[in-house]
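User: I am new to this kind of model and would like to learn how to read it. Could you take me through the features one at a time?

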Amino acid sequence: MTPALKISNLVKKFGGLVATNDLSLVIEDQQSVGLIGPNGAGKTTVFAQIMGEHRQTSGSIELYGHEISNDTTPERIRRGVSRTYQVPRPFTDMNVLENIRVGMMPNNIWKMITSPPRHSRETEIALSVGFAKADLTKTPGELSMGDLRKLEMARTIATGTKVMLLDEVFAGLTVAEIAQITTLIQSMRKDGMTFLIVSHDLKALEPLVDSVIAINYGRKIAEGSFSDVMNDSAVRSSYLGAA
Amino acid sequence: MNLRWTHLAMWLAFVCLMMAIPEFVSKGTLRTLIFANFLAIFAISWDVLSGRTGYISFGHPFLIGIGAYTSAILTKRFDVPIEYAIPAAVLMTMVGGIIVFLPALRIKGSYFALVTLAFMELMYQLVQVIRPDLTGGTRGMSGVQTLTRGAVNGYYMSVSLMLAIAFSMWLLMRTQLGTALSAVGMNEESVRGSGLSTTKLKLFAFLTSAFVAGLGGAFYVHYLGSIAPRALFDINFLFTIIVAALIGGASTIIGPMLGAFFLTFLLEFLRPYLPGAERYFIYGTIALLLYMYEPKGLIAIIDKYWQRTRGTFARKQEPGESL
């Protein structure tokens, strides 16, 4: 079966700094994989390369068997991969529904002019990520951090993504909000979404992933089940600070 | 497109009001209104680009100048009929729009604003030294063919053009495209991250803005019958366009139109009391105070008042429901 995402020998250099060092990974369709590593390990840089925000120095990235390394970010998104950011990036003067609308728009000027917004689908997506009806006309300034994370996920869903990259999705959330986002991710997994999740909150990450990949200095140092990776000596020494 | 019959009724009432004005006002006031109409066109052009996408243009007279000079040169020097000269001028301005767009691929914010200012300055210098036999050099051109004679005809020409541009831009910005362009102004990276090509969107905004500026510039020169580089590429003219858009309410189309009328009449109202440059100080102070009181401009003040009088001020505003 063709994997959802396949990264082969990915290298990214910023001058003399090697941010991604010969990294290879495979994520099967509908699988959920955690990507962990200490600060500066290069996790976000991997996301940026998958999305085409940074071009890799060498290596290849395939999405459902299609090489996407030379595609632009919008092209990659239309092929089915999308991401959220550590710091949410909403459209500040737009309400929840309008934020979602941007994710649903066709990447074609003429169609943008001639096709009306799909209000019912916008509402459906907003409600599916846990927004209350009363929240739909709120602007991002009126939302909690948990709601902003949900809004990012909603806009990502609106693009029609099949592979979702979540970057520090639990950062800045309360315990109750973490529980909400966990439930949301679990429900999306049941619906067939493929995930690559970066998180420093290992406790919250554990129930959400089928396997974990640990990286340090841009290089893969361990891969396997959550418990296997946590018990790996290289991971413990580099990531957890214990031998 | 989020259209309500009340919107169309308001537009119809506004058109009727504007068309009836020559019956009630003096020719002097009509001439002031003609300038306000052209200022509204230029402010709308600026708003489509800068108000929406956040790419602040300090060089809008560059685009207006291309439209005005092209049409003036074609009609006066090459005897091209005006009906061909104006479309050619608009096309040339759109080419100018692409030139202004190129830096926007790499820079934004204050850097972009300064580059556009350089475009205006460059144009000012170039029209004086390159082929002065065509451009008229520092003295500009006079005796350019005019489209109308008399204040009333000039008014109808300018108001028809202004209303046609304002209504079509208003309609355009109420589509999903308007939302996407606003999104570019709020967070360009997120627009890209939503699967939309920001290059395509920005190019469209630049071309549309140039189209309006070129049309306005060409009609303006054929209303005045002359063109003077010092007046056209003047920093005061530039700031009047920007202030009209901001004070009226950027990113709204209606706001810049409102701002243009407000500013023009404010200056005219002050003229008898302060005939010199002092009135620009008063005008600047009023603009500043208004902007500090309501950064979203006159349109937001009117919108709030409207909501309050309808007794629904407390109700949350529905998306895209603003005036």
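**Reading the interface and the ring pairs**

Analyst: Across the interface of chain A and chain B, the rule finds 8 residue pairs in polar contact, with both residues at pLDDT 80 or more, and please keep in mind that this is a predicted model. For the side of chain A that touches chain B, the elements giving two or more residues are α2 (73-79), α3 (96-104) and α4 (109-114) of chain A. By class, that side of chain A has 13 nonpolar, 10 polar and 7 charged residues.

User: How many salt bridges does the rule find across the interface of chain A and chain B?

Analyst: The rule finds 0 salt bridges there, and the contact takes 30 residues from chain A and 26 residues from chain B.

User: What area is buried between chain A and chain B?

Analyst: The size of an interface is often given as the accessible area lost when the parts come together. Here the area buried between chain A and chain B is about 2,500 Å², with carbon and sulfur atoms giving 64% of it.

User: How many aromatic pairs does a search of the whole structure find?

Analyst: The search finds 17 aromatic pairs over all chains. One of them joins F38(B) and Y220(B), a tilted pair with 4.9 Å centre to centre and 50 degrees between the planes. This pair links distant parts of the chain, since F38(B) is in helix α2 (residues 27-53) of chain B and Y220(B) in helix α10 (residues 198-224) of chain B, 182 residues apart.

User: Why does F38(B) count as buried?

Analyst: F38(B) counts as buried because its relative accessibility is 0%, where the cut-off for buried is under 20%. Y220(B), with a relative accessible area of 15%, is buried too.

Note on methods: Residues are numbered from 1 along each chain as its sequence is written. Chains are lettered from A and ligands numbered from 1 in the order in which they are written. This is a predicted model: local features need pLDDT of at least 70, side-chain atom pairs count only at pLDDT 80 or more; totals for chains, interfaces and linings use all residues. Side-chain values use heavy atoms; hydrogens and water are left out. Contact means heavy atoms within 4.5 Å. Buried area is the accessible area (1.4 Å probe) that two parts lose on being put together, summed over both. A salt bridge is a side-chain nitrogen of Lys or Arg within 4 Å of a carboxyl oxygen of Asp or Glu. A polar contact is a pair of N or O atoms within 3.5 Å; within protein, one must be able to donate a hydrogen and the other to accept it, and residues adjacent in sequence count only if both atoms are side-chain atoms. Helices (H or I, at least four residues) and strands (E, at least two) are DSSP runs, numbered from the N terminus. Ala, Val, Leu, Ile, Met, Phe, Trp, Tyr, Cys and Pro count as nonpolar, Asp, Glu, Lys and Arg as charged, and the others, Gly among them, as polar. Rings of Phe, Tyr and Trp (its six-membered ring) pair if their centres lie within 6.5 Å; planes under 30 degrees apart count as stacked, over 60 as edge-to-face and the rest as tilted. Buried means under 20% relative accessible area, exposed over 50%, partly exposed in between (1.4 Å probe, protein chains only).
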